[in-house]
Number of protein chains: 4
Amino acid sequence: MSSTNEDDPPSPPTAVAPVELVPRFVGRAETEDDVASRRRWVEARTGARLTHVGAMSTPIADLSGNIENPIGAAQVPIGIAGPLRVEGEHARGIFYVPLATTEGALVRSYERGMYVLTRAGGVTVRLDRDQNRVSPTFLFADVAAAAEFASWVEANFTEIAARAEATTRHGRLLRIECHPLGAHVLVDFVYSTGDASGMNMMVNATEAAAKWMVASAGALGFDIFSGAEGEKRAAPRLFAGGKGKRANAGALVPAWLLRGALRTSASELERFSARVAAGHATAGTVGTQGQLANGLAAMFIACGQDVANIVNAAAGITRFVARGDDLYVSVTLPSLTVGTVGGGTGSGTARECLDLLGCAGAGKAKKLAEIVAATLLAGELSMASAIVTGELPAAHEALGRNRPDTPAPR
Amino acid sequence: MSSTNEDDPPSPPTAVAPVELVPRFVGRAETEDDVASRRRWVEARTGARLTHVGAMSTPIADLSGNIENPIGAAQVPIGIAGPLRVEGEHARGIFYVPLATTEGALVRSYERGMYVLTRAGGVTVRLDRDQNRVSPTFLFADVAAAAEFASWVEANFTEIAARAEATTRHGRLLRIECHPLGAHVLVDFVYSTGDASGMNMMVNATEAAAKWMVASAGALGFDIFSGAEGEKRAAPRLFAGGKGKRANAGALVPAWLLRGALRTSASELERFSARVAAGHATAGTVGTQGQLANGLAAMFIACGQDVANIVNAAAGITRFVARGDDLYVSVTLPSLTVGTVGGGTGSGTARECLDLLGCAGAGKAKKLAEIVAATLLAGELSMASAIVTGELPAAHEALGRNRPDTPAPR
Amino acid sequence: MSSTNEDDPPSPPTAVAPVELVPRFVGRAETEDDVASRRRWVEARTGARLTHVGAMSTPIADLSGNIENPIGAAQVPIGIAGPLRVEGEHARGIFYVPLATTEGALVRSYERGMYVLTRAGGVTVRLDRDQNRVSPTFLFADVAAAAEFASWVEANFTEIAARAEATTRHGRLLRIECHPLGAHVLVDFVYSTGDASGMNMMVNATEAAAKWMVASAGALGFDIFSGAEGEKRAAPRLFAGGKGKRANAGALVPAWLLRGALRTSASELERFSARVAAGHATAGTVGTQGQLANGLAAMFIACGQDVANIVNAAAGITRFVARGDDLYVSVTLPSLTVGTVGGGTGSGTARECLDLLGCAGAGKAKKLAEIVAATLLAGELSMASAIVTGELPAAHEALGRNRPDTPAPR
Amino acid sequence: MSSTNEDDPPSPPTAVAPVELVPRFVGRAETEDDVASRRRWVEARTGARLTHVGAMSTPIADLSGNIENPIGAAQVPIGIAGPLRVEGEHARGIFYVPLATTEGALVRSYERGMYVLTRAGGVTVRLDRDQNRVSPTFLFADVAAAAEFASWVEANFTEIAARAEATTRHGRLLRIECHPLGAHVLVDFVYSTGDASGMNMMVNATEAAAKWMVASAGALGFDIFSGAEGEKRAAPRLFAGGKGKRANAGALVPAWLLRGALRTSASELERFSARVAAGHATAGTVGTQGQLANGLAAMFIACGQDVANIVNAAAGITRFVARGDDLYVSVTLPSLTVGTVGGGTGSGTARECLDLLGCAGAGKAKKLAEIVAATLLAGELSMASAIVTGELPAAHEALGRNRPDTPAPR
């Protein structure tokens, strides 16, 4: 067991208290014993007992490249919600959706919405963009050089794409967009990334291209990230697409279902929706929606997605439009960043949950995106109904006491 | 085993395909057998094998009120990062922080930042607001009635607070702010919620007060949520505080550490920071920061927080200010919504991870908030350094191959 | 005539082309001859003939302190729109509103909305906040010192207010709010500024207080503006009030007027309004409205307001809520910055237009704000109706050809 | 003289107070007598004396199509600021810029910045996009039909463009972008509009195309405006371009000028700039800048631009980047909407001011945009310098007392 840290600078000029580094096992892959050893090390230093943390059933060898300094696993309870009928281009049929959460009433609320949408004939989903981007900043001497670079990029797209794509089997550079900003140029590298969320791949491809561009076009340097790409951040720019899949899910809910299952009406929901839009406008909310983050977090944890991406994925617009006494409900998600290969998707509970949805492995990312979008629509419908009928507090209270026989809006 | 759904409306007017509901066990608490039975039911209908999902070690009885339709648990690998010296008002000393993630290089990157900050003397953290809010909308006939209501609320604060606080032992109504919006009034109910994130408590208290207000002031009705509260949504309004703890964490990093451990300089980081702020301005990003969502997601999953709250908690501002050759780094988090009682914090791996930080149970929420803020600062410093030195792609690549002996910026 | 410039630095190190400065007349007030002389100077250097510019009728002596290097005046045509019935707390009765614009159809469009609202019984307006702020940044050594300062400010409000108010007869410091941001603290100084927009007064008062605060609390310095105040900028923060008057204007428009005068219906306008809110959400628009900027610009130019303030004043929320077949229309303006003393309000055409509205001089700013809000509501109603009926392009075309007998939505 | 209103609905069901309409002169162009007659009518009803308003020197016949119900003109004092050296692609040389304002110190402040930038060698300006858009919403039955429409639009671009361009001599449809949103599709029609701001032209062209699209693709209808176009509204979306000219202006200011003329340094301004960016981030400001709205309003009023467009044009990013002891200053304006033909540009003072800049008439819009951008940069530099040196309040005070011999930052 080694406790060195190669970042240790050579000569600390002043005396500092010694710090004890987390043990690393240099030069070999982690074993279960290593994990246990490190867990005991932490227990010894903190007094905590990590019994449940240590009960990880996934072999540590299956997590190679996914975690450093492992000590076990967090367990997040999974509830199953469904049936959910999805009528997408990739997902078609009935699904039961795994939701990992400890927030009481969440699963019941989504389940209620799924039931209603399924009885209404299911949720139609369409994906209209499937792109990802990295947006480096290139530095120049002045505004004129920045403008010349933008022209140069346009003229040299083919060569730039070749440099980028040489680093990857799956990624394809779709286009480049330049945004001069003083003497700098923000450059969107927009890729198709297949079934992976693709951040690492894009970063490698963009770096390769950028180094060549710097050398060829005489830039003073570049930052691989400008902040404009919208990765794991909320921003209106996400609505233009280009950071994940842009999904649009909708369903027509007939009046009898609104009344019978949700105790509300098209008109009530439509007006509530307008009030919420005004509330969001006063806050400057990115998008206008009800509880997208809840369903996203629960599905992303269950399905091994990069959970931090819910910050961008939660940018969405939920709409309730009355059609006579019926209601057309929809949710538009401009930045749905999901993957079915790479990251945490290949092993353990994540793989099992993807299997459960028929979404494990290559060729399944669009299907997963459609199921996520349909699930979120269910949550939006259920929550809005619970608010307009005034049932939300009661439902939470009931579930908080675990009375599974209680209707459960949220 | 029952498969009824009480939301089933009485008379579906048209023939619909029968849908198979997820089994519920009515009238009693879930048992391990129930969970296994439901899991098998799902396996039978989807063909998936849920072995790891079924390996949940937390007794289902400990999750009462936290999950419906349980089938097991998601496992998310935990890496331990540290040492992290925190100099807060509630957290003081060295901490080792559990991060649940499957994103390779994340733990290593945060660890690197923690090491540097600790060598620099630690992270000073201060919390300056600790409030939470629910913001219902009250409906009136016209603009004049809305204005009168706003005056009435001001005059009747004491009575309103009494009605709200009668429903809760821990919550206290600090103030009310009215925002007329046409014939409606958005009303911020701002609470102190102690160690719980407190949403359920606030909803109950606000509902009780609101019902009395409607009756007493002649409102036409109210929605318990207006959308303006910022719960699980990103919005500039969060910077005014009032949705969780507002935390401010900073450290002075000396030049020798910047150079020795991070291979960069104060000047380089300061200028990079300005470039990123410009990039965020073009996107309309809420806040301006590097990777707050990564650390938030990893800590929230490990510590049983409501993970969907990372959408609001990720609104933050990271700053790098050169002081001669040294660098003052800081991160300001206006909406840090954490709790140490209630929700998923009381059992299983969450409880263990809170124990590990000395943050389990009552009286510990502020301490947890300070540790989270210090952790996020470590991630910001590490990531920015990796970008300005151009090491980010290489580091990801190295970790993706699980070579733990590799320096690991990200 | 002098052409020196006191900013001229003593020793330009390199030879630069000589630049010809605009003539100034040092040591005395401008005369009509000075203005004419400078105008001829410009004409000589540019070849332009400035006949109309020279036709300024306002004596230059009346513009003392309002303009430097004067050469005359821009003329912007004023159309008169009305009748507009306003039922405010300060403005009551029928008004005819001067709108300065060269955009064809604008006056006609607002007039149409005014007519309908007046026939509907008038526009009710209420102001619920009337505050202004300057938000300096104070600099400290670290996060801890910043937190201490925030506490110190709270404890020393009385003394701070005394320092600020000693500089002004009309301004009153209502409250201070501290926002720590790393080692800095943004401080909102919130004032009541009476009938002036008050920026100069607030800047002087805040500077006086800030200098004392720096000396007393040991700050490293301060910037008089942090950018957070929202002056002449669009930002969601404006919705919290504190940058001018917050106005709320509404009217119930009966079905017969919607149909007879606007050829539309409550239901059509309500749904259009929801669609626009979704459109704005995709763009990240500050507020959600139709054409507030048009009416604001036209009134601000006519009435001598600081026209740049339309950027903050245009943050607003327009709502159309059906009540059966009638429609409740409203507009909420959180940042209406108007004044009736100071700035350009005291002389020439501005004074005349304020007279026309009964709003000239002290004690009239709230009345002016109410008339502005009612005017904007008229524009919103008219424009939305023109869009839903498809008449907008035709109306513009008709007015563009100056056929005053044509119905004129816009 | 006629006082009828064709919007008068046929049968008001209840008795309402009679309202007196503003006189119109039906069936003929306005004459000076008509204007005077209407002005007297207003004077009689309000008691105001409109002497200066009546002193309009522009013949009313020259304003045909620009104003309805005219009663005269507002006069806004014009100060001349310069010299300003511009090194654009369309504007090259020394300019003296007319600024219409009543805000004391504004002209002096911009003049100071211009002087410094000119001494520094001038302002380089580049325009990288010159596009305009109208963004109608098309309505469909469901999400699937919306998706089909988006595909249909892509396949039928040529025909759509032909329909649109048939209505205009100058406009060209560059591209169309579809954004499905539930059952609706927001469609950006992006045009080149030549030297006009082009809103009327684009509306006509888009309407013609949209009617054909509705008929051909089976839409349920369309709104000509969705709100997403960003016309006269502030929104982050503007940074992507497409609403006017995107301009980028910069200059390198040497240390001796910073010190000698502005009494500050590159380092001070750079750090101030970072503080302001953080302040704006807390407010959610669109862009990050100092006082763009001031210069925009002053130039737009003087030059007959559509003043309401300053709301979108003020979205910008100002940057101060130290280069050793020198400073690279820049301002990026993504939505600069200016025109030199149409609207109010052809007559009176507007035409004269455009002449003064060499920007009157066809082929001059880009030149005007470059001069505006350079002017705004001057204001940004001057204001920032006045803040960091603490001279801002004193300068305002001095100008407020009209002491033209005083240095005048603002």
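Before counting anything between chains, I wrote down the rule for a salt bridge: a side-chain nitrogen of Lys or Arg within 4 Å of a carboxyl oxygen of Asp or Glu.

**Ground rules**

I'm working with a predicted model, where local features need pLDDT of at least 70, side-chain atom pairs count only at pLDDT 80 or more, and totals for chains, interfaces and linings use all residues. Residues are numbered from 1 along each chain as its sequence is written, chains are lettered from A and ligands numbered from 1 in the order in which they are written, and side-chain values use heavy atoms, with hydrogens and water left out.

**Entry 1: chain C with chain D**

I started with salt bridges: how many does the rule find across the interface of chain C and chain D? I got 6 salt bridges there. In one salt bridge, the side chains of C:Arg24 and D:Glu111 meet at 2.7 Å, N to O.

Next came polar contacts (pairs of N or O atoms within 3.5 Å; within protein, one must be able to donate a hydrogen and the other to accept it, and residues adjacent in sequence count only if both atoms are side-chain atoms). For chain C and chain D the rule finds 56 residue pairs in polar contact, both at pLDDT 80 or more.

Which element gives the largest share of the side of chain C that touches chain D? I found strand E1 (residues 70-87) of chain C, with 15 residues. Helices and strands here are DSSP runs, numbered from the N terminus: helices are H or I with at least four residues, strands are E with at least two.

I sorted that side of chain C by class and got 74 nonpolar, 45 polar and 28 charged residues. For the classes, Ala, Val, Leu, Ile, Met, Phe, Trp, Tyr, Cys and Pro count as nonpolar, Asp, Glu, Lys and Arg as charged, and the others, Gly among them, as polar.

The contact (heavy atoms within 4.5 Å) takes 147 residues from chain C and 149 residues from chain D. I also noted the buried area, the accessible area (1.4 Å probe) that two parts lose on being put together, summed over both. Chain C and chain D bury about 12,000 Å² between them, 60% of it on carbon and sulfur atoms.

**Entry 2: chain A with chain B**

Then I ran through the other pair. Chain A and chain B bury about 11,900 Å² between them, with 60% of it on carbon and sulfur atoms. Chain A puts 147 residues into the contact and chain B puts in 148 residues.

I counted 6 salt bridges between chain A and chain B. I looked at A:Arg24 and B:Glu111, whose side chains meet in a salt bridge at 2.8 Å, N to O. Strand E1 (residues 70-87) of chain A gives the largest share of the side that touches chain B, 15 residues. By class, that side of chain A has 74 nonpolar, 44 polar and 29 charged residues.

**Entry 3: chain A by itself**

I counted 12 helices and 10 strands in chain A. Its C-alpha atoms fill a box of roughly 70 × 60 × 40 Å, taken along the principal axes. Of its 410 residues, 69% count as buried; buried means under 20% relative accessible area, exposed over 50%, and partly exposed in between (1.4 Å probe, protein chains only).

**Entry 4: A:Arg133**

I found A:Arg133 in strand E3 (residues 123-134) of chain A. A polar atom of the A:Arg133 side chain lies 3.1 Å from the backbone oxygen of A:Gly241. Among the residues that A:Arg133 touches are A:Phe189, A:Met202 and A:Glu229.

Most residues other than glycine have a negative phi, and most peptide bonds are trans. I went looking for exceptions.

- The peptide bond from C:Gly82 to C:Pro83 is cis, with omega near 0 degrees, and C:Pro83 is in strand E1 of chain C.
- D:Gly82 and D:Pro83 are joined by a cis peptide bond too, with omega about 0 degrees.
- B:Asn69 is not a glycine, yet has a positive phi of about 50 degrees. I found B:Asn69 in the loop between helix H1 (32-46) and strand E1 (70-87) of chain B, and B:Asn69 counts as buried at 1% relative accessibility.
- C:Lys232 has a positive phi near 60 degrees, and is buried with a relative accessible area of 5%.

Note on methods: Lists of a residue's contacts leave out its neighbours within four places in sequence.
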